[in-house]
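Dear colleague,

Please find below the structure that I would like to hand over to you. My notes on it follow directly after.

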Amino acid sequence: MKIKNDLFLRALKGETVERPPVWMMRQAGRYLPEFMAIKEKYDFFTRCRTPELASEITVQPIRRYGMDAAILFSDILVIPQAMQIEVQMKPDFGPYLPNPIRSQIDVDKVLVPDVNEELDYVMQAIAATKEKLQDEIPLIGFAGSPWTILCYCVQGQGSKTFDKAKEFCFTQPEAAHNLLQKITDTTISYLKAKVKAGVNAVQVFDSWGGMLSPNDYKEYSWYYIQQIIDALKDETQVIVFGKGCWFALGDMAKSGAAALGVDWTCSARNARYLTGGKITLQGNFDPARLLSPPEVIKKMVTQMINEFGKDKYVVNLGHGILPNVPVENAKAFIDAVKEYKP
Ligand code: CP3
């Protein structure tokens, strides 16, 4: 079925558009009262694992604001779970993995699962969401980058430095690469299954890529993201978002990805320069700027579009939306894009 509002898919292809499309990373989240109402009743992984809840949470921000794309409510950590690594989501703490991976013996125990079995609930959530969206807008599927998943698997929780994850890579590189390859193989079959289940594009979140030096980034992160792009690019459009990874934009632009995410520490001009001006870019509003008054947000969004240019561009934040953003400020962000006149 053709998607009625295909602005987002056309922008990914680099086609000329009336205005750029808009969505927000983590748009289904805690800044929405209707999200909090569901969160009060069900714990995190119950929300992920129940197709009716996951699909409902996915469409909540769409109903309220009318973004040009929906992103499936789920989490990047369903992958380690499916690989038989225990992952908990602790309230007011975040992800917690009680048995972190610290050796080759630990890596040997990690399974590359049959994703259609272990992650069937995600495929059902996609089907339920497609049913609710009625082909009005595209649905984005996602996965964490292998490096970002390794960060949690080894560190065991969030971190400002991911020192234990880096120590594992730099003292046991062979074990680290074995783990990264297992995560990559799982992620490829997972994203392929998501495409088959109906998502219209996929995004790889390399949230912690910016923890690595440019050389280490090539070895421990990019090498595996490139495998994912190679495996997926003939089936769907792939967006790569590397937080803090402006230094890699040049390589990323030659990778076969349809679009690249940019965070707010890289200017539009620099991002266009580094990528050669040909590839679609996505970003890069500072999420904390959504705390400015609505009229300031609107001005800044218009300026941001003018700096990136209306074509080959997807309006987004430079990282996930913060829980303390007022609902009317998120509305100002979306409305400013819809009201944009070249
Ligand atoms: O974008 C969306 O609306 C889709 C949903 C989505 C979630 N997580 C839901 C979620 C997406 C795309 C993610 C990806 C994700 N998860 C990333 C990559 C993106 C990024 O922000 O860098 C990462 C690093 C994770 C791991 C993760 N999950 C963390 C660090 C946390 C805790 C964060 C916090 O602010 O508490 C989670 C939990 C989580 N995943 C929440 C949501 C809405 C909040 C907790 C809850 O709802 O109970």
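**Findings on the model**

Leaving aside neighbours within four places in sequence, Q203 is in contact with W23, M25, I140, G141, F142, A143, I239, F241 and Q282, where contact means heavy atoms within 4.5 Å. Q203 belongs to strand β5, residues 201–206; helices (H or I, at least four residues) and strands (E, at least two) are DSSP runs, numbered from the N terminus. With a relative accessible area of 0%, Q203 is buried. Here buried means under 20% relative accessible area, exposed over 50%, and partly exposed in between, with a 1.4 Å probe and protein chains only.

This is a predicted model, in which local features need pLDDT of at least 70 and side-chain atom pairs count only at pLDDT 80 or more, while totals for chains, interfaces and linings use all residues. Residues are numbered from 1 along each chain as its sequence is written, and side-chain values use heavy atoms, with hydrogens and water left out.

**The sheet**

Seven strands form an open sheet in the order β1-β4-β5-β6-β7-β8-β9, with parallel pairing; two strands pair if DSSP finds at least two bridges between them. The edges are taken by β1 and β9 (313–317), each with a single partner strand, so one side of each has no neighbour in the sheet.

Strand β4 covers residues 139–144, and six of its six residues are buried. L139, G141 and A143 point one way from β4, whereas I140, F142 and G144 point the other way, and all are buried. The parallel pairing of β4 with β5 runs over five bridges; within it, I140 stands opposite A201 of β5.

From β5 to β6 there are six bridges, and these strands run parallel. The bridge partner of D206 in β6 is G242. The chain crosses from β5 to β6 through helix α12 (residues 214–232), and this β-α-β crossover is right-handed: with the strands pointing away from the viewer, the path from the first strand over the helix to the second runs clockwise.

Which residues of β6 are buried on each of its faces? Q237, I239 and F241 are buried on one side, and V238, V240 and G242 on the other. In keeping with this, β6 (residues 237–242) is mostly covered, with six of its six residues buried.

Axes are lines fitted to C-alpha atoms, for helices over the stretch in contact, and angles run from 0 to 180 degrees between N-to-C directions. Helix α14 (residues 268–275) lies across β7, β8 and β9 and runs at about 155 degrees to β8.

Helices α11 and α12 pack at an angle of about 25 degrees, with their axes 10 Å apart. They are therefore roughly parallel to each other; angles under 35 degrees count as roughly parallel, over 145 as roughly antiparallel, 65 to 115 as roughly perpendicular and the rest as oblique. Their crossing is right-handed, a term that applies if the near helix is turned clockwise from the far one by less than a right angle. Residues making this contact include L180, T184, I188 and L191 of α11 and Y220, Y223, Y224 and I228 of α12.

K196 is also found in α11 (residues 173–197). At 79% relative accessibility, K196 counts as exposed.

**Backbone points to check by eye**

Most residues other than glycine have a negative phi, and most peptide bonds are trans. The model holds the following exceptions.

- G283 and N284 are joined by a cis peptide bond, with omega about -15 degrees; N284 is in strand β8.
- D92, not a glycine, has a positive phi of about 60 degrees. D92 lies in the loop between β2 (88–90) and β3 (94–96) and is exposed, at 86% relative accessibility.
- F162, not a glycine, has a positive phi of about 50 degrees. F162 lies in the loop between α9 (146–155) and α10 (163–171) and is buried, at 0% relative accessibility.

With kind regards
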